[in-house]
Amino acid sequence: MEAFKEHFLKNAASEQAQKNFSKVIEWYGSKEAAIEASKNPINADRIPDCQKRLDTVTQALIEHKDCDVHSTEIQELMKKYDLIYRELFRMEDVTKLILETAKFYQTNAEIQKVTDSVWGKGATIYLGKVIEAFYQGNKS
């Protein structure tokens, strides 16, 4: 137990761990909100349902990839996407977290390779654009 404690403290104090903690606090809006979310995580039994709903919405977005990212159909799907992410992460506003995801979708070749292997060629960049349009817009 003492070795684990030393290992944890050493790693928690690392520069990367501190950056990660700072990012989580930024996403949640405050240290208190991040701590509260960690105390009340989503029930593990709900995660598969959330993943299934997220996959369904993502599939629908991909099926509409010929639509303008600001179209009513896309915006309605993104409202569902937003709701699922807020439930998963126990956040009132997932904008900062999801915009970072959109950035990775559009710029990270490895993420594009993996995600496109699931959803089809070009899907990752398209999803990034849809997410960016929704979260930089009004969301209402």
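A salt bridge is taken here as a side-chain nitrogen of Lys or Arg within 4 Å of a carboxyl oxygen of Asp or Glu. By that criterion, Arg46 pairs with Glu87 in this predicted model, with 2.6 Å between the closest N and O atoms. The pair ties together distant parts of the chain, 41 residues apart: Arg46 sits in the loop between helix 3 (31-39) and helix 4, while Glu87 belongs to helix 5 (residues 72-89). Arg46 is partly exposed, its relative accessible area being 34%.

The chain contains eight helices and zero strands, and its pattern along the sequence reads α-α-α-α-α-α-α-α. Of its 140 residues, 31% are buried. The accessible surface amounts to about 9300 Å², with 55% belonging to carbon and sulfur atoms. When contacts between residues at least 6 apart in sequence are considered, 61% of them join residues at least 24 apart.

The mean pLDDT of the chain is 87, and 89% of the residues reach a score of at least 70. Among the elements, helix 4 (residues 47-63) has the highest mean pLDDT, at 96, whereas helix 1 (residues 2-12) has the lowest, at 65. Where pLDDT is low, the predicted coordinates should not be read in detail.

Returning to the charged side chains, the whole structure holds six salt bridges. One of them joins Asp49 and Arg53, with an N to O distance of 3.3 Å. Both residues lie in helix 4, where a spacing of four residues puts them about one turn of the helix apart. Asp49 counts as partly exposed at 30% relative accessibility, and Arg53 is likewise partly exposed, at 26%.

Arg86, at 28% relative accessibility, is partly exposed.

Definitions and conventions
Residues are numbered from 1 along each chain as its sequence is written. This is a predicted model: local features need pLDDT of at least 70, side-chain atom pairs count only at pLDDT 80 or more; totals for chains, interfaces and linings use all residues. Side-chain values use heavy atoms; hydrogens and water are left out. Helices (H or I, at least four residues) and strands (E, at least two) are DSSP runs, numbered from the N terminus. Buried means under 20% relative accessible area, exposed over 50%, partly exposed in between (1.4 Å probe, protein chains only). Contact means heavy atoms within 4.5 Å. Accessible areas come from the Shrake-Rupley method with a 1.4 Å probe; for residues, only the protein chains shown count as cover. pLDDT is the predictor's confidence in each residue, from 0 to 100.
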